Structures are given as C-alpha cells and as structure tokens.
Amino acid sequence: MYDLLVQRADVLQIANGVPSVLPQHDIAITDRRIVAIAPDISPGLARETLAADGLLAIPGLINSHSHTAMSLFRGVAEDVPIEEWFNGIIWPLETNLTPEDVYWGTLLGLAEMIEAGVTCVADHYFAMDAIVQAVQESGMRALLAWTIFSGADEHEQLSQARQFVEQWHGAEADRIRVWMGPHSPYTCTPSLLRRVAQTARELGVGIHIHLSETAAQVAQSLATHGCSPVSVARNAGLFDVPALAAHVAHVSPEDIATLAAHGVAVAVTPKTEMKLGIGVAPTLAMREAGVTVALGSDGAASNNTYDILESARLLALLEKLRQSDARCMPIGTTLELATGAGARALQWDGIGVLQVGARADLALVQCATAHTQPLHNPAAALLYSSQAADVDTVIVDGRILMHRRTLLTIDKPRVLREVAARIERLTQRQGERRIATYPEAQASR
Ligand SMILES: [Zn+2]
C-alpha cells in the first residue's frame, strides 16, 4: 500500500544537465520515499491520492545558503554599500532579536520558501533552538548551522554549537541535519577556525561558512594573514571535513584549484551579490575546475526574496551577459544548480532528484498560465517564465506542506500578525550595540 499517489503529473527529470519530461505519470510515495514513477498506477493501491493534471512535477528546490529569520529585515537596508549594510543597519538591528522573534521570522521565511517550491534550506544564523522548532513544525527539510563569531564568549558559542549538533543532527527521521557554522574568516580568528574544524571532525559533520565575499576581504586577508581567505580556511582545517562556502565571489585560479581539490562546494547567491555590487562567483570557471556550485538566497534583508528560481534565472542571465555567450548556462545546467547540485553541496544523498528511491521532496507547478503558455518547452517555462505563485503543491518527505496554494503546516495569518507586532521594536537602534563589526570600518577607524 502506498502512502500517497500523485496522479497524472508531467514529471521533470534532469540527468547530466539535460531536462526531460515524462508526460502524465503517477508518483507513488511510501515511507518518505518515491517508490514508483509510472503511468496508470492503480489508485486502489494508495491510502491517499493527489490529482496533478496539468501540473509539472519538479524536484523540490534546494536553497543552499540562507539566513531565513532575516525575513524580519526585508527592505530595511536598501541601496547601501556592504559596510553600511552590516555596520550601520543589520548588525545593530540584529541585537534586538529575541529567540521568539527569530522563531516567527523563520516561520515567515519558511512559508515563503514553501510557497516558492523550496523543500530544503541550509540555514546559518543564531538562536538556532528557535529555528529548529520552526523547521520541525513546518515540515521543511533543513541543514542548520549555529553562527559563531570570535569574541570573549567564543568558547561558550562553540560549546553551544556542539550541543546543538549532538541534539539535532539526524532528527525527524533525518529531515534535520546540523553542521558547524563559523561566520567567516574576517570575523573568526584562525585559532577559532581551527577549533571549529576540530569540533566538526569529532562530531562527523561538515562546515558552512561565508568565504571571500568582496575584494576588500581578500585584501584584508592578504594584509593580515599573508594569504587569501580560501587559504586561511584551508590552513585552519575547514576543508578537511565536508565544506559549504557561501558567496566566494573573489577567488584566484589557485583558490578555485584549492576548492576543487578539497571538494568544497560553493553556494552562489547572485541576487544579494548583484544588489550589494560586490561581485558574483565565477560560476563557469568553478564548474570547469570541478567545484560543485549550488544556489542560495542569502537573507531576505539583502535578497529580498526566498525565490530560488528567481536566483537561478538571474545567475543564468548574468553568466550569459558576462561571457557574451548565449550558449553558456543552458536551462538544464541552471536548474540543476537549484536541485541536484544543491543536494551534492549539502552532501545529502537522495534529494534534488525525482526518481525512484529518492526522498519524496517535490513541487507541483501550474503551467496553464498566460505567462507560460504555449508550453513548447516545460523546462524553459519553469526557469524563464514561471513565478513563485505558480507553485501549486509542495511535498517534503512524503508529507504535503502546501496544497493548492494553502499552507497546511504554517498558520500564515498568525505568522503575519506576529511579525507585524514586532517590527517597530526590531527596527530601533540601541546605541552602539551591534552583533559584530564589518572589517573595512574597523580599518578606517
Ligand atoms: Zn550569508
């Protein structure tokens, strides 16, 4: 007996960067996994059926780098350079956050992700006890990392992050995983990075970190450490465990070779990087060198959405423009960054694909819209024409989280009320308090 039978969907599969569609197929799900994809499976074999006529079934999208609770700060820091974004606005305002604020902000972000067909997120933030509660309730799949900064309390931060791994890694039948999350080489000393790497090795988990975001960070690293941020991370042992590096916009050919040699995956967040004007990772060069490149949103204070298809579209357009080559970043390759490559970046087998044996994480997307018809090429419609609001139904680990645009696990009206009630307090500056200090301002003081 199947737990759930999705009926008559057009099933999008991507193999080696080549998309194909199985028309009018049924998807049978049992024990959180896809157990059959075939036409005309008998509905009598299933406890529950879900009609998907006219819908495109796609692998659930993977958001490989996010600070989901930053949905609370969407729109507060616009048209400012990165130093002012951090030091003038975001890091001061983040000192206002209580765990309860983080919980509601995360639920808001998760609601938006589910509505956009995202089924898995790599989240990097603090107050992770509140975040894991939101993830549990939402039914979302997540790779969580508790952010660590250097400072007087770094020992406490490290032991808190260790306890968080021990308590939650593999929870909810392996729907929740936990890695270590040092913030970056510019906010963590090499000795702290070494201790984080050692802890990750002991716990058997990976590391999720911000790396080489701006030219100024590279210059500062060369001046302070005599080598690039990528080398600082490697020398600290961060790449001796599974590693996911976000942004990585400013890298030399030697840096790219280092990332490739150590199997370090890169999460590109093109909308944030374009918006802050800091540069976007050399995606094609990294892929050619064998680096796994995946797509992230970053936080909503810089993105300002958790729409991963939008990020995929922006990256493809940017690379075509940057290379003056319409043939680069073809549709299948680009969609792969948001699905299969995301799974590889998170080192999470069995997600990011729609095939028998995979975890049942998928979205059903409406294709009968004016902006996607006529449907000459479903993959092109998905990447270049669709909108997040076209996502009709979302399933994670075999559980329906949204059906016909109605969220089933998140009380959205309540979330919107809770967030609205917090905004005035959250946007007040509290003297000189801030979470950390962005280094360019430090250097100029
Ligand atoms: Zn980030």
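The buried residues of helix 4 are covered by elements that include helix 3 (128-138), strand 8, helix 5 (171-174), strand 9 (176-182) and helix 6 (190-203). The model described here is predicted.

**Helix 4**

Seven names make up the buried set of helix 4: Glu154, Gln157, Leu158, Ala161, Phe164, Val165 and Trp168. These residues lie on the same side of helix 4, because they cover an arc of only 120 degrees around the axis. The face turned away from the buried side of helix 4 carries the exposed residues Gln163, Glu166 and Gln167.

The length of helix 4 can also be checked. Just after helix 4, Gly170 adopts a positive phi of about 90 degrees.

**Aromatic pairs**

Eight aromatic pairs are found in a search of the whole structure. Two of them share Trp91, as the table shows.

| Pair | Centre to centre | Angle between planes | Type |
|---|---|---|---|
| Phe86 and Trp91 | 4.2 Å | 35 degrees | tilted |
| Trp91 and Phe149 | 5.9 Å | 90 degrees | edge-to-face |

The pair of Trp91 and Phe149 links distant parts of the chain, 58 residues apart. Trp91 belongs to helix 1 (residues 82-94), whereas Phe149 lies in the loop between strand 8 (141-148) and helix 4 (154-168). Trp91 counts as buried because its relative accessibility is 3%, and Phe149 is buried with a relative accessible area of 10%. Phe86 is buried as well. One aromatic cluster is formed by Trp85, Phe86, Trp91, Phe149, Tyr186 and Tyr438.

Methods. Residues are numbered from 1 along each chain as its sequence is written. This is a predicted model: local features need pLDDT of at least 70, side-chain atom pairs count only at pLDDT 80 or more; totals for chains, interfaces and linings use all residues. Side-chain values use heavy atoms; hydrogens and water are left out. Rings of Phe, Tyr and Trp (its six-membered ring) pair if their centres lie within 6.5 Å; planes under 30 degrees apart count as stacked, over 60 as edge-to-face and the rest as tilted. Buried means under 20% relative accessible area, exposed over 50%, partly exposed in between (1.4 Å probe, protein chains only). Helices (H or I, at least four residues) and strands (E, at least two) are DSSP runs, numbered from the N terminus. The arc is that of the directions from the helix axis to the C-beta atoms. Contact means heavy atoms within 4.5 Å.
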